[in-house]
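Have the viewer open as you read.

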Amino acid sequence: MARRSLKASTSGIEKAKKAFKVREWTQDYLASEVGLETRQPIWKFFTGRPIERQSFMEICFQLGLDWQEIAELPNQSLLTKNNQDWDGCLDIDTLVQITRSGRSDKIQAQCATTRLLDIAQPIDLEDIYVSVDILNHIISQRWSNIIDLQGFVPEELNRFDLAQVCKERGSAIEAVTTYPKLMVLGKPGSGKTTFLQDIATQCNQGKLLSDKIPIFLRLKNFASDARDIGNYSLLNYINQALADFGAKDQDIQTILAHGRMLILLDGLDEIPDSDSAEIMKSICKFSEEYYKNQLIITCRTAALQYQLEGFTEIEIADFDQFQIQAFVQKWFINVGRNSIEEAKAKACQFMQKLQLWENRQIRELTVTPLLLNLVCCVFQARLDFPTRRVELYKEALKILLYHCDKARSIKHDKVYNFSLHHKLKLLSQIAAITFKQDRYFFTQTHVESYIADSLRNLSNASTEQELLQPNSEAVLTLFEEHGLLIERAPLIYSFSYLAFQEYLTARDIVANPEPQILEEKLINLVSHLTEPRWRNVFLLTTGMLDNATYLLQLMKQHIDGLVAFDKQLQEFLIWLNQKSLSVQAPHKGAAIRAFYLTLALSDDLMFANDQALFVAIDPRFASNLAPDLKVDLALRCVLYLSLTLPDDPGVNRVIALNFTLSENETLICNPELQLLLQQLKEKLPCPTQGKEKLKQWWNASGQTWLETLRSVMVQYRNIGQQWQFSEQQKQALLQYYIANQLLVDCVNSSCEVSSTVQEAILETLLLPVRASSSALSKYRSAVGATD
């Protein structure tokens, strides 16, 4: 019979004292942690005297020690069957601690490391894992109306989930300690498995649910083993797992009867269909018979087909900014193999660039660990995000559609065998149809009809009407399980990321090998040139084409056509060209025209600080301005301040005018202009006169002063004209400006086009029809040379 007390061996005392010293505890504190009323058992423990067995084991646990290594035991093993008979002798706490200790290394081996896609070596879980949050309400169960959801504009789509989630997020660990039975749902790559692994390792280390025995099982392995032996009993499977470590059936029954097991079942969605019913039946039976034990099951959200009695469903939330930052920092230290200083610098650079407006589509992908790992890999290679986004999205889709399931040996046998090509083709058709219809959300009926139409075109698909609907449903479920389509509300779907819908729409345009069909699709695409929501589709299409020359040519022709038939707008472009030719500057002519376009329209179209177009044409603009440009920019600022003075005749405005009109070295070359500006400055009222005096001056002399300023600007610098455009003309100019900016971005996007064509396109930007005839002939000859 087992002894009711234990004492520490000589070597055990030394180990215990070292552990105690490291923690810097007092004996009173250790006694309170163990739950003892006095410190006397602690003193006995450290002096090698016998104490009650449970207290001995708890002291070792608190010190992070294996009690069997500390205790003085006859055979150094209390689980040797030939020498010890434990039946009926151990209390439940001791039995649990013995079993926990025996399986500790197994749990560590199962759960302490993880694999990242495309990373050769396993990573310690604690080196990469970031605690996840949960949604208290499953996204697909939120009742919303399709009309309400369609009200979201593209810029708000990313905020759709976040706006809901902010009120409903909770700690995943809190859910574990609150609910005895959990069904943890999540999209592919959201961190379901690593969440279970983290729970298992924390429990194993005594940091969480330390009174329970963690059992971590991958359900696909359970299904495979059960099929081989013809026994789907979860109880038998757990018995065997514990028996391998010396536990007897009677002991296991005792532990289960007391509810002291933590059963972690990973990957309900990974069970083959042929085994699904038997596995679910076994889980339900086990849960009902051993209801005191804690069960946690993970499953992809779209794959959940059953509601298990007594289980609370929670969903893993997307990473927020803080979780992204924590993951990125860990990644660059432990995966990127950088020094701590280098890793922190790279992580900081990563986060700063991620917040830039031009990287907002990439930011969409970083909300799950799976795709965040991909983005980190790409960034690590060049310390920047790629200008050419096509390859990044292509790889992300391949991960979700193929690599993710391959790595986990998941087979989707609910629908006939779809190749990766067929999946991409079908998704591209759905994306193109919905995007053209301005649909970011669509009903299940609509998406299944799109799928059915596409299935008719697949040679191996059934064309019988009665078979198309179940096939369509199966394909929809398949795309949900891959994480490409998401049920946002009951029977209402969208693409998981707007970036994917845009990429797949572009893919649908370029995928057809027939030249005539491709030409028709590109012409149709260009008809959307002035619609902001199509911007990314243009950039992605340009990046996918083997030769983007024809598309760029179509875009250029369409842009010129926006203002070609308006006489006043053509006169404005004639002035723009003449002005750009009159200044001395080392910049490209088109960039100078863009500079003065921005300057001339800053009042009408709110372009005051928009440098995007002329900097994109000639990056040298970002670092330095030629003297002529500085003078004109300063004068434009004076005019702007003067025009706003009637609305705010304050001291600051007058001071700003005085400062802007101060002597400038750039005016030395034009003493007459310098003198006139000095005279204008002297006519300004003294800023100290007060707001009322300033207002009186403006009412009396302000308009004359302003007209004189404008006259000087027009006479000496040929700027400051009052163009008096109509609202329709302003709108046309705005579209013209935005479309030119998009064309420049497409040219600069590392697309497949010759440098000659690139230069020719840039040279003809922002020219009037008459002045561009010679330049256009050069452009056409450059295009012809590439055909």
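## Helix α21 and its cover

In helix α21, the buried residues are V447, E448, Y450, I451, A452, S454 and L455. Buried here means under 20% relative accessible area, with exposed being over 50% and partly exposed in between (1.4 Å probe, protein chains only). Helices (H or I, at least four residues) and strands (E, at least two) are DSSP runs, numbered from the N terminus.

α21 covers residues 444–455, so to speak 12 residues, and spans 16 Å from its first C-alpha to its last, close to the 16 Å expected at 1.5 Å a residue. That expected span is 1.5 Å times one less than the number of residues in the helix.

## Ground rules

This is a predicted model, where local features need pLDDT of at least 70 and side-chain atom pairs count only at pLDDT 80 or more, while totals for chains, interfaces and linings use all residues. Residues are numbered from 1 along each chain as its sequence is written, and side-chain values use heavy atoms, with hydrogens and water left out.

## The chain overall

The chain holds 37 helices and 14 strands. Of its 787 residues, 52% are buried. Its accessible surface comes to about 36800 Å², and 49% of that belongs to carbon and sulfur atoms; the areas come from the Shrake-Rupley method with a 1.4 Å probe, and for residues only the protein chains shown count as cover.

Contact means heavy atoms within 4.5 Å. Take the contacts between residues at least 6 apart in sequence: 74% of them join residues at least 24 apart.

## Two nonpolar cores

A nonpolar core is a set of buried Ala, Val, Leu, Ile, Met, Phe, Trp, Tyr and Cys residues joined through side-chain atoms within 4.5 Å. The largest one has 168 residues, and those with the most contacts inside it are F350, L552, M555 and Y596. Helix α35 (residues 727–747) gives the most to this core, with 10 residues. Apart from it lies another core, of 36 residues, including Y232, I263, Y290 and C299. In soluble globular proteins, nonpolar side chains tend to be buried together.

What does Y596 touch, leaving aside neighbours within four places in sequence? The list is W575, L576, K579, V583, D628, L629, D632 and I719.

## A three-stranded sheet

Strands β12, β14 and β13 form an open sheet of 3 strands in the order β12-β14-β13, with antiparallel pairing. β12 (442–443) and β13 (485–489) stand at the edges with a single partner strand each, so one side of each is left without a neighbour in the sheet. Two strands pair if DSSP finds at least two bridges between them.

On one side, 2 bridges join β12 to β14 (residues 492–495), with T443 partnering I492. On the other, β13 and β14 share 4 bridges and run antiparallel, and A489 stands opposite I492. The β13–β14 hairpin has 2 residues between the strands, and L491 takes a positive phi near 70° there. As for cover, 5 of the 5 residues of β13 are buried.

## A parallel pair

Strand β8 (residues 213–218) is mostly covered, with 5 of its 6 residues buried. β8 pairs with strand β9 (residues 261–266) in the parallel sense over 6 bridges.

The buried residues of helix α2 (residues 27–34) are L30, A31 and V34. They cover an arc of only 100° around the axis, which puts them on the same side of α2; the arc is that of the directions from the helix axis to the C-beta atoms. Their cover includes α1 (10–23), α3 (40–46) and α4 (53–62). Just after α2, G35 takes a positive phi of about 95°.

## E58 and D93 are 35 residues apart in sequence and 9.8 Å apart in space, C-alpha to C-alpha.

T201 sits in helix α10 (residues 192–204) and is buried, with a relative accessible area of 7%. Not counting residues up to four places away in sequence, T201 touches C111, A112 and L125. Q361 lies in helix α17 (residues 360–365) and is buried, with a relative accessible area of 7%. With that sequence cut-off of four places, Q361 touches Y393, A499, E502 and N536.
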